[in-house]
Amino acid sequence: MERESMEFDVLIVGGGPAGLAAAIRLKQLAAEKGNDISVCLIEKAAEIGAHILSGAVMDPRALNELIPDWKEQGAPVTTAVTEDRVIFLNETGGRKVPTGLLPDCFLNHGNYIVRLGNVAKWLGEQAEALGVEVYPGFAGAEILFDETGAVKGVATGDMGVTREGEQGPAYQPGMELHAKYTLFAEGCRGHLGKQLEAKFNLRNGVDPQTYGIGLKELWEVPAERHEPGVVVHTTGWPLPSDTYGGGFVYHLEDNLVAIGYVVGLNYTNPHLSPFEEFQRYKTHPEIRKYLEGGKRLAYGARAIAAGGLQSQPKLVFPGGALIGDDAGFLNAARIKGSHAAIKSGMLAAEAAFDAVAAERQRDELAAFPEAFKSSWLYEELHKTRNFKPYMKKGLWMGSLLFGIDQKVLKGKAPWTLHNSSDHDKLKLASECPKIDYPKPDGVLTFDRLSSVFLSNTNHEEDQPCHLQLKDASVPIAVNLAKYDAPEQRYCPAGVYEIVRDESGQNPRLQINAQNCVHCKTCDIKDPTQNINWVVPQGGEGPIYQGM
Ligand SMILES: Cc1cc2nc3c(=O)[nH]c(=O)nc-3n(C[C@H](O)[C@H](O)[C@H](O)COP(=O)(O)OP(=O)(O)OC[C@H]3O[C@@H](n4cnc5c(N)ncnc54)[C@H](O)[C@@H]3O)c2cc1C
Ligand code: SF4
């Protein structure tokens, strides 16, 4: 069956803050200049915002620029930050860092605590009102190139293909979406972005990207435990000091508390389980005091691209650009990427609009990286660029060095330190201590399966597995033999399981792909990069409600 095609001036792949900001900015410029432009945005989630998982404390700077009257327009950005608490935890207690000692980038005065999925949903409504064609439920599955090798758009995934790769009774071919420029806004570790980096050598001369996995729950807590506007960040326990990570507790509106935990994916002990670290984190007296008597409402996880400026790929290639977390715009020191995603989307949109107005197509949008270089966002990311490399030196030394870098040198150190890749950092399981995680109590702490249930994730089982193994022998011959199958522990959704026959022999990897929450951690952390995450059918995956 032939694929149908549609033509647009600009196509945007991904409906997060970056993609939606780009779409809105394009239509705003069209209205200002009286020069219409057709804009299409596709999103793999069933609805806009349903795959967004964030903290989130949002710096409104970029939103102020994009939609200056966002308050009057009813943006779900209502809980202003009232207090920052940064705490170094030990096993039984914690020490709060005096606010005066905190670098500016850790302070949140003027910021808002939001449910980023709700913000995305609202941005989607703004985009539609401006005339953007917004199509949730459509996953960009394949990059299309024209005869010159430039990107000419994407094809959405076929529907109704069976597990064996045959066309089933409900088969529907994907659609080709062609554009003069295509902006890729897939978020962290975009699967098309990864292909573009390889095809156009976008990573030449830059550091490897480095990542974290962020796990999050949304709780409804008793009113007496709720402190709207309070932002708590912790570091230290339960992770050892040589492993990067930390937690957050954000008090939203309506007795809601967002609690989360981030673990750097350069961790070395294959026995470590980010999910279980998060669960025991909640048992700490400084943390459980906010949750006791409350009810867990939602759960999810997502990877975070944390390498900063020195890990950013080249942003443009013939026919398009990478924006938002797809291009690593997040500021890891601030754990903030939503403002950077919006700003990068706006800058790329401005470059694309001018190019289309000048009747250009499918060349490089050189004006985008140039505009970024002279923007406040570049200045901000440049100032904190050494954060992740410092933190590789361990919690105490890293915090001290970053403190000096920010408080004394004001982020203007004449050196730029480097990042390295995460997947090759695991030590042999036999050389590392096993970690004895406590059993979940079902009240404050939970197991993976009951957690995944709260993500509402769902995938048609009769379709090709979207977690592809390049070599089917590696999970047992390498991962199990050397690292005790770490995918069983780093996957936050229990997708990977080593199963054995009745005699306890013949181990094999079972992939429960239907549980996947699209966090991308396996694509990042698999020690030999043997796992390739590709999009499943459009509209599948988690259905987060305001995460
Ligand atoms: C645990 C955690 C805590 C965080 N805390 C904060 C915080 O406090 N403050 C802050 O500012 N930032 C925070 N961030 C970072 C912030 O969430 C991101 O920087 C921001 O969401 C990036 O926006 P984006 O649009 O680039 O990508 P995303 O928000 O990831 O959106 C990408 C969208 O593209 C869609 N998509 C992906 N691939 C395809 C495809 N092939 N076809 C169609 N659609 C596709 C996805 O489904 C998704 O909807 C946090 C992140 C995490 C994980
Ligand atoms: S299978 Fe991979 S992408 Fe899916 S939830 Fe597990 S680690 Fe994340």
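**Largest pocket**

I began with the pocket lining, where helix 11 contributes the most, eight residues. Helices here are DSSP runs of H or I with at least four residues, strands are runs of E with at least two, and both are numbered from the N terminus. A pocket is an open set of points on a 1 Å grid over the protein atoms alone, with protein on both sides within 12 Å along at least five of seven lines; a cavity is a set where a 1.4 Å probe fits but cannot get out, and lining residues have an atom within 4 Å of a point.

This is a predicted model: local features need pLDDT of at least 70, side-chain atom pairs count only at pLDDT 80 or more, and totals for chains, interfaces and linings use all residues. Residues are numbered from 1 along each chain as its sequence is written, chains are lettered from A and ligands numbered from 1 in the order written, and side-chain values use heavy atoms, with hydrogens and water left out.

I noted 39 lining residues for the largest pocket, with Val86, Phe106, Thr235, Phe387 and Ser399 nearest its centre. Elements giving two or more residues to this lining include strand 5 (83–89), strand 15 (230–236) and helix 11 (395–407). By class I have 25 nonpolar, 10 polar and four charged residues in the lining. Nonpolar covers Ala, Val, Leu, Ile, Met, Phe, Trp, Tyr, Cys and Pro; charged covers Asp, Glu, Lys and Arg; the others, Gly among them, are polar.

**Ligand 1**

Where does ligand 1 sit? I found it in the largest cavity, sitting being defined as more than half of its atoms lying within 2 Å of the grid points. Around ligand 1 I list 36 residues, the closest being Glu43, Ser54, Val57, Asp325 and Ser338; the criterion is a heavy atom within 4 Å.

I then looked up polar contacts, pairs of N or O atoms within 3.5 Å. The side chain of Ser54 has an N or O atom 2.6 Å from an oxygen atom of ligand 1. A backbone N or O atom of Gly140 is 2.8 Å from a nitrogen atom of ligand 1.

**Ligand 2**

Ligand 2 is surrounded by 13 residues, and Cys491, Cys516, Cys519, Lys520 and Cys522 are the closest. I count 11 nonpolar, one polar and one charged residue in this shell.

**Backbone**

I found a cis peptide bond from Trp237 to Pro238, with omega near 10°. Pro238 is in the loop between strand 15 and strand 16.

Key: Polar contact = N/O pair within 3.5 Å; in protein donor to acceptor, adjacent residues only side chain to side chain.
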